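Here is a short report on one protein model.

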Amino acid sequence: MVQSSVPMNKTEKEYRQDIVDIGRLVYQKGWVAANDGNITIRLDQDRILATPTGVSKGMMHVDDFIIVDMQGNKIEGRKERTSEIAMHLTIYGMRPDIRSIVHAHPPVATGFATAGKPLNLALLPEVIIGLGCVPLADYGLPGTPALTEGMLPYIPKYDAILMGNHGAVCYGEDVYKAFFKMETMEHFARITLVAELLGGAKALPRLEVDKLFDSRTRYGVKAKAGALPGCPVVAEDLEDQDRFYVTRQELISLVDEALKARGVA
Ligand SMILES: [Zn+2]
């Protein structure tokens, strides 16, 4: 298991309170129903503090949490493990630069995930700077390794991932950063939906997107995603989609066909 490169700068008690606070926000924002979702914080090299199964994330107490080792075995806590703990462990294993993970089912972003659509258009400066784009991982049965399988190619490169027919997962250096990434993603999903209803969102051109990526250092953003092909999709990519290529002979027959259809030839 990879050691975390992020220093621990709070006490375990403070981290427990952070999860209570973030859980309440996640619930109040309507990103979960009933007992959905889970939140974890990596306490140190060997221990993960996690929300248990079967509790509403809006009504948790600091004593509700469990601690698991990096193999997922429970080492502390009265309640039971969530079946999604394996997904968290996989992400921590692949991302030593993060210390917290938030998984929820925010309804608009999850709507995109159930419609089979990633949130990948270059539309808004804050989203391009903070997330790059949000890819869509294939559906996998919860509680099995299949849940994370589709996410594996995206975990090293992105901080927010849509999970097909399920929800979303976001992670960062602390639980607040993970939460804010999910907030940015859900806000982006809502804006994208409105733009689609109004006739379609207009993507920014490559030059502007590159300028936004360059400005990340100025804003102190350590986002992973950037300058990957198709993330985000820029205006020029969409123009390319509308374009199609034919041979000289194909073009002649197309023109012939069009002329015949109009009774010219
Ligand atoms: Zn879930």
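## Basis and sheet

Two strands pair if DSSP finds at least two bridges between them. Helices (H or I, at least four residues) and strands (E, at least two) are DSSP runs, numbered from the N terminus.

This is a predicted model: local features need pLDDT of at least 70, side-chain atom pairs count only at pLDDT 80 or more, and totals for chains, interfaces and linings use all residues. Residues are numbered from 1 along each chain as its sequence is written, and side-chain values use heavy atoms, leaving out hydrogens and water.

Strand 3 (residues 66-69) pairs with strand 4 in the antiparallel sense, over two bridges. V68 sits opposite K74 in strand 4. The open sheet has eight strands in the order 4-3-2-1-5-8-7-6, with mixed pairing. Strand 4 (74-76) and strand 6 (136-137) are at the edges with a single partner strand each, so one side of each lacks a neighbour in the sheet.

## Helix 5

T148 lies in helix 5 (residues 146-149). T148 is buried (under 20% relative accessible area; exposed is over 50%, partly exposed in between; 1.4 Å probe, protein chains only), at 8%. Beyond its neighbours within four places in sequence, T148 is in contact with M87 and T90 (heavy atoms within 4.5 Å).

## Cysteines

A disulfide is a pair of cysteine sulfur atoms within 2.5 Å. The count is one: C133 and C231, with sulfur atoms 2.3 Å apart. The link is left-handed, at -125° about the S-S bond. C133 and C231 are 98 residues apart.

C133 is buried at 3%, and C231 at 2%. C170 is in no disulfide; the nearest cysteine sulfur, that of C133, is 13 Å away. C170 is buried at 0%.
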